[in-house]
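Hello,

Here is the structure I said I would pass on. Please open it first and then read the notes below it.

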Amino acid sequence: MTDAPMTDVPMTDAPQFDAYDQAGPAAETTLTLPPVPAAASAAADGGPLAGLETRDVSAWFGSHKVLERVSLAMPAGEVTALIGPSGCGKSTYLRILNRMHEMVRGAALAGEVLLDGDDVYRPGRRPAEVRRRIGMVFQRPNPFPAMSIKDNVASGLKLAGIKVSKEEREHLVETSLRRAGLWDEVATRLHTPGGSLSGGQQQRLCIARSLAVSPDILLMDEPCSALDPTSTRRVEETIAELRGRLTIVIVTHNMQQAQRVSQSCAFFLATHDTPGRIVEAGPTGQLFGNPRDQRTSDYVNGRFG
Ligand SMILES: Nc1ncnc2c1ncn2[C@@H]1O[C@H](COP(=O)(O)OP(=O)(O)OP(=O)(O)O)[C@@H](O)[C@H]1O
Ligand SMILES: [Mg+2]
């Protein structure tokens, strides 16, 4: 795709953005996804991990350009943190990565998003397959409150159209809860409602639900911003445990958290009504310890934003 000014009509070679009605995070609970073969992803069968890369990604809502030529490599098996002031396009960028951006009416984009070198926007590629391989966890935990803990985890499979035997499902539920660091707290009450858990436990339940479909990539949009410090620490431990098994991209406003959990970091900035861009990206230690750009230094040291 080329980078060109947009109207409220998507580019002809862009995905059919109006194929879905207006939908936000809640769409995760309402979407009816077409069946996806249970073919295991590389990460699921212990194969090589998949990395993610964007090249010259620009994004629009109607005629409002919100991202400008964002190129970033998110290395396989690492945690990449996206930081930057409110409104600079971090969430938009994250939604572009797993084709959720196109669910917003009037949204458009240009550029490439490469999952293991293969463009997720390649014509003919199904959004449902992309969203299974690239899972997402939102700012506010959004389990199905009345559904049991066990069924909440299994619902990820159902939404992705993955059919498994009863035994496999039991196994996947336990494995996913273990990987999300929640098993020990819920093993004896798997049939109680997801809504009965604490906020931090609910967020780990949502992580377990995402993990159940064996994604290669997990996107997390401020996953701890609604949590207390103890729950935040627990989710950060979960992220640390998942690292190396899959690739994680996390948006955070918490500079300490970015330093604790990530190995790579990208600083986004939008100034004076210009679209968001990456000012600086690189190893987290360098971005925080020895930034090249004065604006990065000012931001990570709390001088603005
Ligand atoms: N659905 C939408 N329709 C129109 N404009 C939108 C929509 N979602 C986001 N925007 C605009 O896109 C720009 C980037 O928003 P985005 O939510 O990606 O920023 P952000 O960096 O995630 O901010 P925050 O840190 O506050 O979450 C903002 O100017 C915002 O107003
Ligand atoms: Mg955001």
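**Helix α4 and its neighbours**

The axes of α4 and helix α5 (residues 166–179) come within 9 Å of each other and cross at roughly 105°. An angle from 65 to 115 degrees counts as roughly perpendicular, so α4 is roughly perpendicular to α5. On the α4 side the contact is made by K150, V153, A154 and L157, and on the α5 side by R169, L172, V173, S176 and L177. Sorted by class, the contact of α4 with α5 has six nonpolar residues, one polar residue and two charged residues. Please keep in mind while you look that this is a predicted model.

Helix α4 (residues 149–159) also packs against α7, at an angle of about 40° and with the axes 6 Å apart. The two helices, α4 and α7, are therefore oblique to each other. Their crossing is right-handed. From α4, the residues I149, N152, V153, S155 and G156 meet L205, A208, R209 and S210 of α7. The residues in this contact of α4 with α7 divide into four nonpolar, four polar and one charged.

**Helices α7 and α8**

How does α7 lie against α8, parallel or perpendicular? Helix α7 (residues 199–211) and helix α8 (residues 229–242) pack at an angle of about 20°, and their axes are 9 Å apart. That makes α7 roughly parallel to α8. In passing α8, α7 makes a right-handed crossing. G199, G200, Q203, R204 and I207 are the α7 residues here, and they meet S231, R234, V235 and T238 of α8. By class, the contact of α7 with α8 has two nonpolar, five polar and two charged residues.

Now the strands. In general, the strands of a sheet pair through backbone hydrogen bonds, either parallel or antiparallel. One open sheet has six strands in the order β6-β7-β8-β3-β9-β10, and its pairing is mixed. β6 (134–137) and β10 (277–283) stand at the edges with a single partner strand each, so one side of each has no neighbour in the sheet. From one strand to the next, the twist averages 15°. Helix α7 packs on this sheet, where it touches β6 and β7 (217–221), and the direction of α7 makes about 170° with that of β6.

Inside the sheet, strand β3 (residues 79–83) pairs with strand β8 (residues 247–251) in the parallel sense, over four bridges. To see one of these pairings, find T80, whose bridge partner in β8 is V249.

**The four-stranded sheet**

A second open sheet has four strands in the order β2-β1-β4-β5, with antiparallel pairing. Which strands stand at its edges? They are β2 (64–74) and β5 (118–119), and each has a single partner strand, so one side of each is left without a neighbour in the sheet. Strand β1 (residues 52–61) and β2 run antiparallel and are joined by seven bridges. T54 is opposite L72 of β2.

**Ligand 1**

Which residues surround ligand 1? The shell consists of F61, V66, S86, G87, C88, G89, K90, S91, T92 and V104. Helix α2 (residues 90–97) gives the largest share of this shell, three residues. By class, the shell around ligand 1 has four nonpolar residues, five polar residues and one charged residue.

That is what I have for now.

Regards

Conventions. Residues numbered from 1 in each chain as written. Chains lettered and ligands numbered in written order. Predicted model: local features only at pLDDT ≥ 70, side-chain atom pairs only at ≥ 80, totals over all residues. Axes fitted to C-alpha atoms, helices over the stretch in contact; angles between N-to-C directions. Parallel < 35°, antiparallel > 145°, perpendicular 65-115°, else oblique. Left-handed = near helix turned anticlockwise from the far one by under 90°. Contact = placed C-beta atoms within 7 Å. Nonpolar A, V, L, I, M, F, W, Y, C, P; charged D, E, K, R; others polar. Near = placed C-beta within 6 Å. Pairing = 2+ DSSP bridges.
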